[in-house]
2 protein chains.
Amino acid sequence: MLSLTEIYESYQDHAGSVTFPSSPENLYGSIVYFLDYPGKRIRPVLCLMGNELFDKIHPNAYVAAYAMELFHNFTLVHDDIMDHSAIRRGRPTLHVKYGQDTAILAGDMLLIHAYLQLNKITQEYRTQIINIFSEMACQVCEGQQMDIEFEDRAIESVSYAEYLKMITLKTSVLLGAAAKIGAIIGSASAKQQEDIYEFGKNIGIAFQIQDDFLDAFGNTLKMGKQAGSDILENKKTALLLKAFELANSSQKNQLKEAMNTAGESKVQAVIAVYKELKVDLWADWAIHHYTEIAFNSLDRIEIPIHKKEKLTELANSLLVRQS
Amino acid sequence: MLSLTEIYESYQDHAGSVTFPSSPENLYGSIVYFLDYPGKRIRPVLCLMGNELFDKIHPNAYVAAYAMELFHNFTLVHDDIMDHSAIRRGRPTLHVKYGQDTAILAGDMLLIHAYLQLNKITQEYRTQIINIFSEMACQVCEGQQMDIEFEDRAIESVSYAEYLKMITLKTSVLLGAAAKIGAIIGSASAKQQEDIYEFGKNIGIAFQIQDDFLDAFGNTLKMGKQAGSDILENKKTALLLKAFELANSSQKNQLKEAMNTAGESKVQAVIAVYKELKVDLWADWAIHHYTEIAFNSLDRIEIPIHKKEKLTELANSLLVRQS
């Protein structure tokens, strides 16, 4: 069995061996620019680990892993346009560097290339994989649509349940599908496929809530971004939506008043209500809750426990709790 | 064998039987809105006719035909954003009606759903079809990238040869691929597949040049749009690029001066140079030239001539020459 680092490196070797045409220069140049960034490659690594859980890593798993990464980048490129994001991973976003038109096309091409990769997989399980992938892809688009619609809705009209559905679709099903597709290539049973999918999906949900939690309560230095930036932007996070669910009318007014202000005092005012409502403790509970669902799913897979260590290691590296 | 109308109607029956989920309402609503327009459905009809050339229409061909239509609509939705088009087929474009974010996502979903359809095709030829489709899809994106880059380039820096490459990629390879994919499902030989592809592609090129020709020299009433609109917009058409290739320096100056003016006198001034350079005759020749290449390709396919009548009928309905 390979170590986590070895899996990462073997994936990078595979991804590095894939080339794109050179013309039109801006279109393919923008794709290479965007794919070439430092990162953990969580989705392809999860796909390879889902495969290695059941078998030695199969060449098809590298192909599928690369398709997952291409798909992930497709969503990032198009999401950055919709979110008007100027910076990603410390560099200009694709649409800022190459213009919106090229960014739309580059995203489209990344999606097409993901399918070109999937079409290389052995026929035996290709049909199933392309269906799972496409269903997941639709869900991710649905989640993004929900997210952009949340922006325009009044805070009290969005429930935490809707938020949970949105992040599940937008970010978590991709982690579930990546692990599941790896498992399919490893000839996992239908039950095992479902369990590994639930593992990936729930780790994703826990990670997303943690992201919201750390923005309000995390250590700025560790996070590498300003604490409270979600609060400053009135972003509809798990914390804010749960706070509105728990708040009485006076606390709701406090939150709404704070949301109309700015600066450090705004952050402090919102956090004060969060603490009063124990939203911090709730978030900590929720992170543990989804992590537990994930690990229970992993436990259900009847294979020697040492084979699961790397998935545990990966999950723990994502879920670095402050407590 | 079915008549052209029967093929069209059988396709519409198939397409009408496909449904989309209802939520998120705006996302799927926008897709249904965009797909539900009156039109000739040239690409799916071509796919079915490519199939019927070699066999009775196979259920797989309807699935592939629908994928072609979904793909075509994906390109229209994203192109309309890039081209800032407000109206298509007499109705507001998707991004005007539903906003740009939803339009990006709706386009993405149409592409994903095209693949979901292709993944239903019998395994026997599915791998080949998905590869041909994906290669075509990349070419279409490349063509669109070339087109948007042409916009920003000086008129004299774009050659007619580049324009020809651009329209071939952006619009014609889809017609070629639609017919070819139908033929593959009809168990056509590799040579026959190539011939039907060349038929579709070259009809597409002829149609595109005709489109440019009619804008300058066509009858406004018959066309349903204002004659000379390309000239008024200084659009880099086959005619304008060929004119610059044929013009001496004095004629180039005449064209450039005219391009800086507006209104009916601008149209007349540009058309005067076109006539001086016999660009109208050249365009008529070019349309005939590509039509001939198309029909020669069709002729090479050794099947009874009556089986080809519908393809001839379709091509003639597209290429309604004024002369």
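This passage walks through how the two chains are arranged and then looks at a few local features.

The structure is a predicted model, so local features need pLDDT of at least 70 and side-chain atom pairs count only at pLDDT 80 or more, while totals for chains, interfaces and linings use all residues. Residues are numbered from 1 along each chain as its sequence is written, chains are lettered from A and ligands numbered from 1 in the order written, and side-chain values use heavy atoms, with hydrogens and water left out.

Start with the symmetry. Chain A can be laid on chain B with an RMSD of 0.0 Å by a turn of 180 degrees plus a shift of 0.0 Å along the axis (least squares on the C-alpha atoms of residues with pLDDT of at least 70 in both copies). That is the relation of a two-fold axis. Of the interface residues of chain A, 100% are also interface residues in chain B, so the copies meet through the same surface.

As for the interface itself, 37 residues of chain A are in contact with 37 residues of chain B, contact meaning heavy atoms within 4.5 Å. The buried area, i.e. the accessible area (1.4 Å probe) lost on putting the two parts together, summed over both, is about 3,500 Å², and carbon and sulfur atoms give 63% of that. On the chain A side, A:Leu105, A:Ile112 and A:Gln145 lose the most area to chain B, together 16% of what that side buries. Helices α2 (25-35), α4 (59-82), α6 (100-118) and α7 (123-151) of chain A each supply at least two residues of the side that touches chain B (helices being DSSP runs of H or I, at least four residues, numbered from the N terminus). The most comes from α7(A), with 15 residues.

Among the buried ones are B:Leu239, B:Lys242 and B:Phe244. The cover includes α8 (160-185), α9 (190-217), α13 (249-259), α14 (263-276) and α15 (279-300) of chain B.

A cis peptide bond joins A:Ser23 and A:Pro24, with omega about 0 degrees, and A:Pro24 sits in the loop between α1 (4-16) and α2 of chain A. The bond from B:Ser23 to B:Pro24 is also cis, omega near 0 degrees. A:Arg41, a residue other than glycine, has a positive phi near 50 degrees and counts as buried at 8% relative accessibility. B:Ser187 has a positive phi near 60 degrees, but counts as exposed at 56% relative accessibility.

Conventions:
Buried < 20%, exposed > 50% of the residue type's maximum accessible area, 1.4 Å probe, protein only.
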